[in-house]
Amino acid sequence: MNAPARFVTEKGQPLYGITAEFATPAAVYHAAETIRDAGYRAWDVYAPFPIHGIDEAMGIKRTKLPLIVGAAAAVGVLLGYLLQWWGSNVGYQTVVQGKPFGSVTEGGWESFVPITFEVGVLLGSFATLIGMLALNGLPRHHHPLMKKDRFLRTSDDLFMICIESKDEKFDPDRVKELLKSAGGTNLDLVEDK
Amino acid sequence: MTQVASDAAGGPGFARSPWAARFPAMRAENISLPAGAGGALSGGLVLVGLGASVATLVMPMIGEAFKWKHAIASFHVGAITALTMSLGALFFCMVFHLVNAGWSVTVRRQFENVASLVWVGLALVTVSVMLSVWKGGEGLWSWMGMERGENYLLDKKSAYLNTPFFLLRLAIYAVVWLMLAGLMNFFSRKGDAEGGTEAAARARLVSAPGMLAFALTVAFAGFDWLKSIDFGFFSTMWGVYFFAGSAFVSVATVTMILAFLRRSGRLEGVVTVEHFHDLGKLMFAFCVFWAYIAFFQYFLIWYANIPEETAYYIHRKQGGWENLTTLLMIGHFVVPFLILIQRGVKRNPTLLIAMAFWLIFMQVMDIFWMVRPAVYAGAPADAVPGATALPLDVLGILGPVALFFGLLIRKVVSSPLVPLHDPRMGEALTHKNYV
């Protein structure tokens with residue numbers, strides 16, 4: 001705990017956020033649009049299945065993952081090629097089938113292509129997985145919402161929105177008002193522990 | 001519901017289209033072109049095409065400097081380019097039906113239009129085949145003029161490579177493709193006129209065996225019309241290579257048609273940026289697929305180093321042809337790869353038009369790379385006898401391609417720009433990429 005919590009519950013626990021429940025994907029979709037337009041940034045929608053277009057309704061920007069993957073793949077291509085070039089031309093020169101050692105200018109680069117491609121794909125796929133986890137803040141062992149029994153229903157038949165207290169615009173009364181006006185029911189406080 | 005559309009404006013069956021009532025974008029003037037639109041361009045292209053084709057094939061009759069083999073080869077490059085556009089489009093029509101694709105319904109009519117012109121490519125190829133049969137050894141396929149016992153490899157292959165069987169196969173391919181392209185178009189137009197879901201179901205039924213027949217005929221047509229020009233060559237991958245180029249160029253052609261239609265104010269809200277994004281993905285995918293097939297065909301032969309196989313590539317790696325080979329590697333793969341991998345490019349119809357032009361040019365260069373080095377045994381130094389090569393190559397390629405595009409414009413104008421009653425139309429009109 002570094003900075004003291006901005007908001008605490010009646011029990012004195014730091015406040016994580018305020019949740020509201022929705023019955024249908026359409027309801028949560030339109031509520032998301034309302035919250036997006038109200039200018040909140042630290043909040044999320046929880047649903048049992050992917051809702052098409054929810055990213056746009058929430059105002060989520062496109063992921064930076066492709067750039068990370070592209071950079072990693074380019075590094076892989078370079079490394080894969082250098083590895084083979086060094087091995088065949090510098091480290092362990094071996095004549096195979098009378099073919100050149102392998103370089104773009106002298107010929108023989110052909111034999112490097114499969115490995116170059118594979119290392120590019122390898123680093124690209126590593127970057128995809130690790131980058132995806134990192135951008136999502138995963139893995140994490142605990143989430144404050146997991147304490148709520150009703151939250152477990154968001155993997156079954158319930159849709160939920162949680163506006164988090166770390167949002168700059170966060171003000172408990174106005175957030176409650178907003179969630180209610182967006183059609184949310186069963187508003188609840190979530191403790192950060 | 002007010003009935004604003006009439007059969008006269010939207011073509012037969014338009015007024016009863018259930019989609020016209022539900023989607024304002026399906027209004028008649030948005031999904032059809034007035035009769036005679038693009039008539040001048042179409043007529044001009046047909047005239048240029050016919051003129052250039054005839055000129056190419058007349059030149060060897062006039063001047064000694066113009067060789068029959070060369071004239072037919074240049075014409076053949078153009079003819080095969082036109083044919084591959086139709087074949088690739090036929091492939092996509094059948095795939096769309098087979099997988100019950102929703103997004104592609106609004107672009108499928110243009111694939112059908114391109115596929116229906118398979119008769120043009122077939123007729124053009126028939127011209128180069130017939131001229132070669134007539135000219136024998138002077139024609140494009142040198143084995144047609146060779147006797148038994150002259151060449152060991154040809155003797156071994158003669159059960160397959162002989163003129164009567166070659167012509168019989170031409171007839172078989174023609175029947176299969178004309179039938180498949182005809183059926184795809186027949187069911188689509190039938191759906192326009194009658195409505196209902198039956199036509200689409202029938203088209204899918206035809207597509208399954210059709211795909212099998214298509215795969216076999218395209219592979220063997222590639223062996224016959226491109227690979228057997230150099231009859232000593234071996235490559236079982238050739239059929240896939242030929243197909244990869246076909247699929248590739250047909251997507252480029254259709255994207256170009258659709259982008260120009262959008263520029264002429266049609267298909268607003270019907271073919272959206274989402275559809276262009278998907279077409280761009282297909283272009284990108286087949287650009288990579290082509291590179292994969294082209295490289296690995298070469299790679300295995302390079303690795304194995306068996307003389308009768310490597311001769312084909314050695315010929316194309318020296319004496320000036322290596323420049324063309326490098327151009328293909330960079331222009332047919334590296335550059336389009338780096339450009340089309342970007343999301344913004346795929347969602348920009350104007351940039352896609354530029355890419356489509358470039359990719360069609362690259363397909364021409366690819367076919368040129370297959371056909372043209374075979375004309376002269378030696379290096380291009382021998383292959384460029386004075387100033388005769390360039391006019392023959394330019395005219396020979398321009399003729400068939402211009403003719404094809406001229407007829408294509410006429411075909412596009414002739415019917416509604418989308419299948420009017422397709423049961424998956426709603427899905428296509430609201431299509432969106434969620435990535």
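**Exercise 1. The second largest pocket**

Which strand and which helix of chain A each supply at least two residues of the lining of the second largest pocket? Describe this lining.

*Solution.* The model is predicted: local features need pLDDT of at least 70, side-chain atom pairs count only at pLDDT 80 or more, totals for chains, interfaces and linings use all residues, and side-chain values use heavy atoms, with hydrogens and water left out. Residues are numbered from 1 along each chain as its sequence is written, while chains are lettered from A and ligands numbered from 1 in the order in which they are written.

Step 1. The two elements are strand 2 (43-46) and helix 4 (113-135) of chain A. Helices (H or I, at least four residues) and strands (E, at least two) are DSSP runs, numbered from the N terminus. Strand 2 of chain A gives the largest share of the lining, three residues.

Step 2. On a 1 Å grid over the protein atoms alone, a pocket is an open set of points with protein on both sides within 12 Å along at least five of seven lines, whereas a cavity is a set where a 1.4 Å probe fits but cannot get out; lining residues have an atom within 4 Å of a point. The volume of the second largest pocket is about 980 Å³, a volume being the space filled by probe spheres set on the points, which are joined across faces, edges and corners.

Step 3. Of the 23 lining residues, A:Asp44, A:Met58, A:Ile60, A:Leu135 and A:Asn136 lie nearest the centre of the pocket. By class, 10 are nonpolar, five polar and eight charged. Here Ala, Val, Leu, Ile, Met, Phe, Trp, Tyr, Cys and Pro count as nonpolar, Asp, Glu, Lys and Arg as charged, and the others, Gly among them, as polar.

**Exercise 2. The largest cavity**

Characterise the largest cavity and its lining.

*Solution.* Step 1. The structure holds one cavity of 30 Å³ or more, and the volume of the largest cavity is about 110 Å³. Its lining comprises 15 residues, with B:Arg108, B:Phe187, B:Gly191, B:Ala200 and B:Asp422 closest to the centre.

Step 2. Helix 8 (163-194) and helix 9 (198-225) of chain B each contribute at least two lining residues; helix 8 of chain B has the largest share, four residues. The lining divides into seven nonpolar, five polar and three charged residues.

**Exercise 3. A residue in a loop of chain A**

Is A:Asp167 buried or exposed? Identify its surroundings.

*Solution.* Step 1. A:Asp167 occupies the loop between strand 3 (159-164) and helix 5 (172-181) of chain A.

Step 2. Buried means under 20% relative accessible area, exposed over 50%, and partly exposed in between (1.4 Å probe, protein chains only). A:Asp167 has a relative accessible area of 4% and is therefore buried.

Step 3. Neighbours within four places in sequence aside, A:Asp167 is in contact (heavy atoms within 4.5 Å) with A:Arg6, A:Tyr40, A:Arg41 and A:Ala42.

**Exercise 4. Backbone exceptions**

Locate the cis peptide bond and two residues other than glycine with positive phi.

*Solution.* Step 1. Most residues other than glycine have a negative phi, and most peptide bonds are trans.

Step 2. The bond joining A:Leu138 and A:Pro139 is cis, with omega about -5°. A:Pro139 belongs to the loop between helix 4 and strand 3 of chain A.

Step 3. A:Asn186, in strand 4 (residues 185-191) of chain A, has a phi of about 50°. A:Asn186 is partly exposed, at 45% relative accessible area.

Step 4. B:Asn100 has a phi near 55° and lies in the loop between helix 4 and helix 5 (105-116) of chain B. B:Asn100 is partly exposed, at 36% relative accessibility.
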